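User: I would like to know what stands behind the labels used for this model. Please take them one at a time.

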Amino acid sequence: SAQTTVSTPNPAATPETPRSVRSRLRYSRPAPSEAQPRKLTFQDESPEISGPAGQPSHKLNDTPGGGPLTEALQLVPAAACNYSSNLRLEPIPADFSLAQSFCSYGYFFLAPNVWIPAPLEADEDFGVFYRPLSCPTVPHPRIHAPSADDRTRRVVHVIVQQDKAGNALIIHTRSETDLLTCHKDFIQAAVVRMLRTDLNLEAWYACHPEAAARGFGRTYRSPSVFEDMVKTITNCNVTFKNTTTMNAALCREFGADGVAFPEPSDLAAISPEDLKARGRVGYRAASIIALAQAFVAGELSEDWFHDATVPTAEVYQKIRSLKGFGPYATSNVLQLLGRYDSAIEAWDTETVRLMKEVGVRGSKPEEFYAAARQRYAKYAPYQFLAYWMELWQNYETRTGTASTRWRRATFSSSL
């Protein structure tokens, strides 16, 4: 295995190593030969762990008088606290870190996500994330984007934290009505997809020891392919600050209860003028509406995108044929799908900036893209992960803070 590590542009300015990287020795990774097949269980917590409605459990990661969990619970509308439950998702990979997995890609800061970091003196994995989920009230084998005939949805406010032992995720739910089994199944699929708890990183860690030491590789993605694709459209040819504004407006104006991310059926029938005015997406309105209509019509489906038997080249061509998806956007969706078996080249202006900072000289974007291609070739097929880790470290250097300690204001003002 290659032992070369990616260097940071300015090691002296690199922020302090996140605390859980040092403490992650307690999460010893099993050798590949010792790894056992994992079967997810998703059960209601026992009464001794569950706390009263609207209150955190004393056995979970919070501090007396308030902490990340208490802060997250305060984001839940009072009307949504009629029913509460604590669900347990286990086992999770021995090397899993909630903070490193969630705070690993810019979309974790886009609405309706909220990350609440742990206090500086605490392990970073004591942070929590909150988001409302629009759950379909019908049984499904896996997460999907509801069609136009599936309008019966329930907004569930979800708060996720890692338990103190590090071997399970505790999922707190708050809702106006009690959850059905199909809601819990949907929430499980959403959390697994967002945090990639089903992803085996042994091969990636073998070629990138620095990533293994940090626990980097399960980059955040949205609960659905549709949401990832819309976010990708809003991230093209614009500053990230404006991307943040667009996604907040989409949730507020078109999402269920004005808080959830809109489903395809929420956007398929609206006019481009309405989406431009209320969603503040500009020329992207036509692409977003066309995408929503394709999902509603069944021309696109979550299951097809996740079907491992479909060749990546076919997936690439399908995405590339859609309105609004050029080479960058298509490559970005491929990496969000975890399809690292092809040359993912999500190069943009940030690639140019990073290459300049590591000493590459050139006058045209293609020259910097070629340099990036060469720089990360040794990590094949994980070139994108190597690139993204170096860029992410660069962001941390620029902010002076580990990403697991970022709040939205810090991220927006610094980057």
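What follows is a set of questions on those labels, with answers.

Analyst: This is a predicted model, in which local features need pLDDT of at least 70 and side-chain atom pairs count only at pLDDT 80 or more, while totals for chains, interfaces and linings use all residues. Residues are numbered from 1 along each chain as its sequence is written, and side-chain values use heavy atoms, with hydrogens and water left out.

User: What is the mean pLDDT of the chain, and where does pLDDT stay under 50?

Analyst: pLDDT is the predictor's confidence in each residue, from 0 to 100. The mean for the chain is 84, and 80% of its residues reach 70 or more. pLDDT stays under 50 over residues 45-60 and again over residues 141-151. Contact means heavy atoms within 4.5 Å; beyond four places in sequence, the model has 33 contacts for residues 45-60 and 30 for residues 141-151.

User: How many helices and strands does the chain have, and what makes a run count as one?

Analyst: The chain has 18 helices and six strands. Both are DSSP runs numbered from the N terminus: helices are H or I with at least four residues, strands are E with at least two. Among contacts between residues at least 6 apart in sequence, 71% join residues at least 24 apart.

User: Why is Tyr107 called buried?

Analyst: Buried means under 20% relative accessible area, exposed over 50%, and partly exposed in between, with a 1.4 Å probe and protein chains only. Tyr107 has 1% relative accessibility, so Tyr107 counts as buried. By that label, buried residues make up 54% of the 415 residues in the chain.

User: Where does Tyr107 lie, and which residues is Tyr107 in contact with?

Analyst: Tyr107 lies in the loop between α3 (98-102) and β3 (114-116). Leaving aside neighbours within four places in sequence, its contacts are Asn113, Tyr220, Asp228, Lys231, Thr232, Asn235, Asn332 and Leu336.

User: Why is α14 called largely enclosed?

Analyst: Nine of the 10 residues of α14 are buried, so α14 is largely enclosed by the rest of the structure. The buried residues are Tyr328, Ala329, Thr330, Ser331, Asn332, Val333, Leu334, Gln335 and Leu336. These residues pack against α4 (181-195), α7, α13 (312-320) and α17. Gly338, with a positive phi near 80°, follows α14.

User: What makes Thr243 buried, and what does Thr243 touch?

Analyst: Thr243 lies in helix α8. Thr243 is buried because its relative accessible area is 0%. Not counting residues up to four places away in sequence, Thr243 touches Leu110, Thr234, Asn235 and Val238.

User: Why is the aromatic pair of Trp392 and Trp406 called tilted?

Analyst: Rings of Phe, Tyr and Trp (its six-membered ring) pair if their centres lie within 6.5 Å; planes under 30 degrees apart count as stacked, over 60 as edge-to-face and the rest as tilted. The whole structure holds 22 aromatic pairs. Trp392 and Trp406 lie 5.3 Å centre to centre with 55° between the planes, and the pair is tilted. Trp392 is in helix α17 and Trp406 in the loop between α17 and α18, 14 residues apart. Trp392 counts as buried because its relative accessibility is 1%, and Trp406 counts as buried because its value is 0%.

User: What lines the largest pocket?

Analyst: On a 1 Å grid over the protein atoms alone, a pocket is an open set of points where a 1.4 Å probe fits, with protein on both sides within 12 Å along at least five of seven lines, whereas in a cavity the probe cannot get out; lining residues have an atom within 4 Å of a point. About 750 Å³ of space lies in the largest pocket, the volume being the space filled by probe spheres set on grid points joined across faces, edges and corners. Of its 32 lining residues, Asn235, Val238, Tyr328, Asp348 and Glu350 are the closest to its centre. The elements giving two or more residues to the lining are α8 (240-254), α14 (327-336), α15 (349-357), α17 (383-399) and α18 (408-414). The largest share, seven residues, comes from α17.
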